[in-house]
2 protein chains.
Amino acid sequence: MKSLFAALVLAAFLPVAAQADEGLWTFDNFPAAKVKAAYGVDITPEWRARVQAASVRLSVGCSASVVGADGLVLTNDHCATDCAHDIGPLGADYRRDGYLAAKRTDEQTCPGLDAEILEGVTDVTPRMLAVGVGLSGIALVKARSAGAGAIETGACGSDRHYHCQLVNLYQGGQFKLYKYRKYSDVRLVFSPGDRAAFFGGDPDNFNFPRFDLDCAFLRLYEDGKPVATPYHLRFDPAPPTLGEPVFTSGNPGGTFRDLTAVQVETQRDLSLPMSLTRLSELRGRVIAFGETGPDAGRLADEYLQDLENDYKVVFGRLFAIDNPTFMDAKRAADADLRAKAEAKLGPSLGDPWADMAKIQPAAQALYLHDVLIERNPVDSDLFEYARGLVRAAAERAKPSAERLPEYSDSQLPIREHQLLDAHTVEPAIEHINIEFWLTKVREHLGADDPDTKLLLGRDSPQTLADRLVGASRLADPAVRKALWDGGMAAIQASDDPMIQFALKIDPEARRIRAAQEDQVTGPTERASEAIAKARFAVYGDSVYPDGTFSLRLSYGAVAGWSDHGKTVPAFTTFSGLYDRATGQPPFDLDPRWAAAQSKLNPDTVFDFVTTNDIIGGNSGSPLLDAKANVIGTAFDGNLESLGGDYGYDGAVNRCVVLSSAAIAEALHKIYGADALLAELMAP
Amino acid sequence: MKSLFAALVLAAFLPVAAQADEGLWTFDNFPAAKVKAAYGVDITPEWRARVQAASVRLSVGCSASVVGADGLVLTNDHCATDCAHDIGPLGADYRRDGYLAAKRTDEQTCPGLDAEILEGVTDVTPRMLAVGVGLSGIALVKARSAGAGAIETGACGSDRHYHCQLVNLYQGGQFKLYKYRKYSDVRLVFSPGDRAAFFGGDPDNFNFPRFDLDCAFLRLYEDGKPVATPYHLRFDPAPPTLGEPVFTSGNPGGTFRDLTAVQVETQRDLSLPMSLTRLSELRGRVIAFGETGPDAGRLADEYLQDLENDYKVVFGRLFAIDNPTFMDAKRAADADLRAKAEAKLGPSLGDPWADMAKIQPAAQALYLHDVLIERNPVDSDLFEYARGLVRAAAERAKPSAERLPEYSDSQLPIREHQLLDAHTVEPAIEHINIEFWLTKVREHLGADDPDTKLLLGRDSPQTLADRLVGASRLADPAVRKALWDGGMAAIQASDDPMIQFALKIDPEARRIRAAQEDQVTGPTERASEAIAKARFAVYGDSVYPDGTFSLRLSYGAVAGWSDHGKTVPAFTTFSGLYDRATGQPPFDLDPRWAAAQSKLNPDTVFDFVTTNDIIGGNSGSPLLDAKANVIGTAFDGNLESLGGDYGYDGAVNRCVVLSSAAIAEALHKIYGADALLAELMAP
């Protein structure tokens, strides 16, 4: 248990050859021979096929696994909190108190949530490369989007049971079509509530030893009935053993390990400090808002769970690369790859590293307008609804190939699901975010920037936020449905202030996006592809691609680590939870846990750590033993792994797992969820 | 008018030979010949002596000048806002509404404020170097402190009319004794109020064009009577002219231009991002607190003026050096100096750059505990009172040479003045800061760090802040006086929770300080001295020392600049203010200004920019013409100059000045301050 900073200042994610246990491996290029040699386990193609068939991707950015014959899915509680929040009736706080469906008919649909299981992968690299021949800048970007859309639609058609997605692997080295079986009716079965799932709160987040029951159960439905899933994995409540080989199957989010040094420098010098500054101030605003009363406190606590997690991740990323040793090694790795590739490829290689360096001034110059107006402007449901409705209306009027790619035929159903389902919108949090956004636009672009004037006019951030949030009716799903169905005519006729605001700024946002695609995205794609080619020429298939929130398999072992000479044990037990509870938030016990203390086996393995290489997006991944049984669910990395976007250090990076043993014990003795437990334990 | 970010991303504070107009020159090493050649002005020793005699340093971290025969002093309003806040009677808001003493007897003493005029400088370099011979680590630090204290006391004795201060110039290259005539009764004569002085608020802070009447007048008193100051400078309300040579005399705060690349890297990678993160979250907390009601809003706005200024400065500093071009040039400059010095000095030079690099891991490892527990833990009056009283009690029991240097005989009167004068303490702001501090201790050191446990015990940050702020009586000056007079016995017997808290953590804070001095401060002093020796050997006296909040003279000219091809004019006028006013804060007019519009000459030069090299601490510096007449008061730099801690770029760095012309016009037509104006204009 130590400081994030101390963990990071000494970390060494050096971009050298892959270490033991490193890798976000695709299922079709898993280093089975290496694993066999290291751990004596045979990860056969059949093993992988079986695991793939039961591996689930959740559209909230999480992973999961099918663990029962009737569509029962295990994931993390923190992947189900939005659902718990949305479905709780007035006066109930499922997020805090948890939820257990007493019977199947009590299982309620999570709004907007899609679950997907990968059915097949097709290599479309030649076709996608052909699409880009002779093009550059925005023309390249647009041609590739259109090409991807055509491939996706060609493979999935308009079948809403499927989702086809083109995945760019190895930073432009491969293009693959991923075809998913999609389930759009996913219901909540069980959540323990976040006092048990997130005991220790932000101070313990990413920490270890840890004492969190971070699990939830969902169920896949179709046509109003649970989906039959005979291919489910076996849930095994036996405790893990030290040194045991283990595997995670999940969807690591975007990582940056294959980026060049100049790209990482732009993150270090610009995007990460800007993000950290933004998250810090927003965090401060939300914390102070939460102190104004009990209702505000509840809202703030919920929102802070995500916000402080993001903050810690960005903090970890920045401090991992804010490190001359790391950057020197990164530059050396670039130079080494370049020299080796030149020897193999000769002059045909060109100098994509120099090209990448030349892109950075434009990336820096365009960054602020892009991030503030177009790419990721504000965390607001109402604005996202408005922008989504405005853009869907405009884009649906075009042929799929000419649309913004997120509105292409293959993506539109997911967008529609997100936009039209009923979510709980919190006006107070909306107001904080909209006002904060407008303030940052004025601060970072300047009071006299044309974009500041476009957004604010003669208003102050506060008066505009008052009007946009106060008078918008977009929280009502029926209003959104009418605007979706009515298309651009309805949008233009709407007097909803948020719709009119989104409509007003949309041309400028699109202009900014086009500039970004022309000067940054397109040229970066070109340079990345050349570097990927160099990497394949030098390393062959011994390398894994950066994370892309698509299915990967990692391997490792149950193991603690040594922290400056002190051993951090691999396991915690229930008894450790009771020792750590002080009674003061966030170290206060859920009352059910306090009451059940004497009934629980205090030596039950609670959480544990493994050497598996995971990253955000892997949350909810099953932790599998050699037989592909589910012995836990991965829910976090340790502090040392927060720089994992840039590399992996097997000596100290750890995956944090909730044991199946703890889940079984808690379901039985604390939550009385014996029917659920029986379903899990069914042969 | 542009974005801070855009200003900085393209700035180039390259650490090369001093540019035209660059330099924070000491009065005894002013490049008079260079100025004569460039501007045709003779800055004679007599000119400098006359300016020095009327240049004032204020203990709030500002500069000022004597501009009238009866101790009348001109500075910035933002240097007098704390005073205005402190002296305002209940129900009055001098800070917002301003203050004009109708007659001399209405002039009220600013609590804790000292004004100092430099009388003489003595070189004590040989003596200070001798003190350190053969010592290293903490022994060096302690010997130097004792040596400095002995020199200071030797020169000033116990005469409270004087303050003697040892100043380390050129990062260890020279040690000089500065002897100041000190005035401890400084009274507020006039403040325009911050709606006029700080029109445009944070969005316009460091911006230009600018429209701020950022001036205040103070008066030096002694024995209850105004001090006679026949040596005052002449206040000249004639408008400045384009290209006119101008000078600032003031006290630039600590800069880092002579630091080595590895030291700047530690700032870039650690201290600056940590500061920015801290300031951002605190800013967010204060902004959200300010939205809870009108009283909270007023408190928050006041506090935010300082906080957002600090934030912008740190932002500017970080983004100036978050720049591979800057860092490459910095490294090249280190290597160049090293090569040239080796050629001159041979092996006696050693390798202080390598020594400096070896110190950085310790500097990084000790940083967080030092900054969170000892160096700069929290912006809280109550905690500062408690720590000051606890330490003063302990230190006064020792001989001066053995004390912490800030409690030596020469410094003690200033500390006593600050600790015992009546200030307004704002419990709500105190609570925010204390709770925030404790949260950051837990976050950055970890919940299980011994220092976190020492500070928090079983409390949460909130419950401890409730108790410390809620029950402390240290806001009462009488309580502080009794504890000061009672010494350690009174401290130990006190049941004030803040006193007991400061007492409890003091041994650990001192231990941290000792480790820092031993592993960082001492070794850095040694390496810095060797590098300073190298710099003198190579550059002779053609270089100026980094800022040390001691008296410096800068030169330059009235000049706009070119911003990406667009010319920013050098002057604004009153009419521009009325054009910029939107009616929405912070672009709303002070009602007196709104009412006076038709009376004012719209073409009066309001604010203007010059090429003078200034930095924080220079605020309030007189802007002098060739005849040493005061034609304005410097109150800001432009956004481009925010990286000024690391260098100066004459093409775009500008000093922002309020014209004497505007002051005279406003005093007469807006504030009816004709007596004050007559005093200013007296021959």
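1. Relative accessible area under 20% makes a residue buried, over 50% exposed, and anything in between partly exposed. Asp306(A) has a relative accessibility of 39%, so Asp306(A) is partly exposed. The model discussed here is a predicted one.

2. Asp306(A) belongs to helix 11 of chain A, residues 294-321.

3. Strand 7 (residues 162-169) and strand 8 (residues 174-183) of chain A run antiparallel and are joined by 8 bridges. Among the residues involved, Gln165(A) has Tyr178(A) in strand 8 of chain A as its bridge partner.

4. The hairpin of these two strands has 4 residues between the strands, and there Tyr170(A) takes a positive phi near 55 degrees. Gln171(A), placed in the loop between strand 7 and strand 8 of chain A, also has a positive phi, near 50 degrees, without being a glycine. With a relative accessible area of 24%, Gln171(A) counts as partly exposed.

5. In chain A, one joins Phe208(A) and Pro209(A), with omega about 5 degrees; Pro209(A) sits in the loop between helix 9 (201-204) and strand 10 (216-222). In chain B, a cis bond joins Phe208(B) and Pro209(B), with omega about 5 degrees, and Pro209(B) lies in the loop between helix 9 (201-204) and strand 10 (216-222) of that chain.

6. Phe206(B) is found in the loop between helix 9 and strand 10 of chain B. Phe206(B) is not a glycine, yet its phi is positive, about 70 degrees. Its relative accessibility is 8%, so Phe206(B) is buried.

Terms used:
Residues numbered from 1 in each chain as written. Chains lettered and ligands numbered in written order. Predicted model: local features only at pLDDT ≥ 70, side-chain atom pairs only at ≥ 80, totals over all residues. Heavy atoms only, no water. Buried < 20%, exposed > 50% of the residue type's maximum accessible area, 1.4 Å probe, protein only. Pairing = 2+ DSSP bridges.
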